[in-house]
Amino acid sequence: MLVHVWICLMALLAATTISSLVPLGEANVVLNIVIAVAKTVLVAMFFMHLRHSIPLLRLIAAVGLVTLSLLFILSGADFVTRNIERSAWQATQPSTSAAGQQSQ
């Protein structure tokens, strides 16, 4: 049984590798997240033996996963909503339009 799970994990690894070579735009991110979730479920259920464990252990694993998800979501929201400005001591970059006019 574990050999079959390992073969599925290798197939999902190949799918991840192939999807990185195919330009799908935003769908590429969604596809890779779906593949990662599938790999996580396989590892948790079969290699960590969560499908045959007591309910308390399953609950603890779920709480850990939810906590990790919240950390990623909140960190991502903070990163996306931040306004990045240059400090006064940083050199200013020449704009692309000014560089294009100088070369002509």
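Student: Let's start with helix α1. How many residues does it have, and how far does it reach from its first C-alpha to its last?

Tutor: Helix α1 covers residues 2–21, so to speak the opening stretch to look at, and has 20 residues. From first C-alpha to last it reaches 29 Å, close to the 28 Å expected at 1.5 Å a residue. Keep in mind that this is a predicted model.

Student: Got it. Which residues of α1 are buried?

Tutor: V5, L9, L12 and S19 are the buried ones in α1. Looking down the axis of α1, you'd find its buried residues within an arc of 85°, so they line one face of the helix.

Student: And what does the face turned away from the buried side carry?

Tutor: That face of α1 carries the exposed residues V3, H4, I18 and L21.

Student: What covers the buried residues of α1?

Tutor: The cover includes α2, which is residues 26–47. Seen from the other helix, the buried residues of α2 pack against α1.

Student: Okay, α2 then. Which residues are buried there?

Tutor: In α2 the buried residues are N28, I35, L42, A44 and F46. The helix itself has 22 residues and reaches 31 Å between its first and last C-alpha, close to the 32 Å expected at 1.5 Å a residue.

Student: What share of the protein is buried?

Tutor: Buried residues make up 11% of the 104 residues. As for contacts, take those between residues at least 6 apart in sequence: 46% of them join residues at least 24 apart.

Student: Where can I see a link like that? What does M1 touch, not counting residues up to four places away?

Tutor: M1 touches F46 and R51. M1 and F46 are 45 residues apart along the chain, and their C-alpha atoms are separated by 8.9 Å. M1 itself is in the segment before α1, while F46 is one of the buried residues of α2.

Student: Is M1 buried or exposed?

Tutor: Exposed, because its relative accessibility is 59% and the cut-off for exposed is over 50%.

Student: Changing topic: where is H49, and what's its phi?

Tutor: H49 sits in the loop between α2 and α3, just after α2. Its phi is positive, about 55°, although H49 is not a glycine. H49 is also partly exposed, with a relative accessible area of 49%.

Student: How much space lies in the largest pocket?

Tutor: About 340 Å³. There are 13 residues lining that pocket, and the closest to its centre are T40, V41, A44, A61 and L65. A44 is on the buried list of α2 as well.

Student: Which helix gives the most to that lining?

Tutor: α2 does, with seven residues. α2 and α3, which spans 55–81, each supply at least two residues of the lining.

Student: Last topic. How many salt bridges does the structure hold?

Tutor: One. The side chains of D78 and R82 meet in it, at 2.8 Å from N to O.

Student: Why can side chains pair like that?

Tutor: Side chains of opposite charge can pair when their charged atoms come close.

Student: And how exposed are D78 and R82?

Tutor: D78 counts as partly exposed, at 37% relative accessibility. R82 counts as exposed, with 53%.

Conventions. Residues numbered from 1 in each chain as written. Predicted model: local features only at pLDDT ≥ 70, side-chain atom pairs only at ≥ 80, totals over all residues. Heavy atoms only, no water. Helix = DSSP H or I, 4+ residues; strand = E, 2+ residues; numbered from the N terminus. Expected span 1.5 Å × (residues − 1). Buried < 20%, exposed > 50% of the residue type's maximum accessible area, 1.4 Å probe, protein only. Arc of directions from axis to C-beta. Contact = heavy atoms within 4.5 Å. Salt bridge = Lys/Arg side-chain N within 4 Å of Asp/Glu carboxyl O. 1 Å grid on protein atoms, 1.4 Å probe; cavity = no way out; pocket = protein on both sides within 12 Å on 5 of 7 lines; lining within 4 Å. Points joined across faces, edges and corners; volume = space filled by probe spheres on them.
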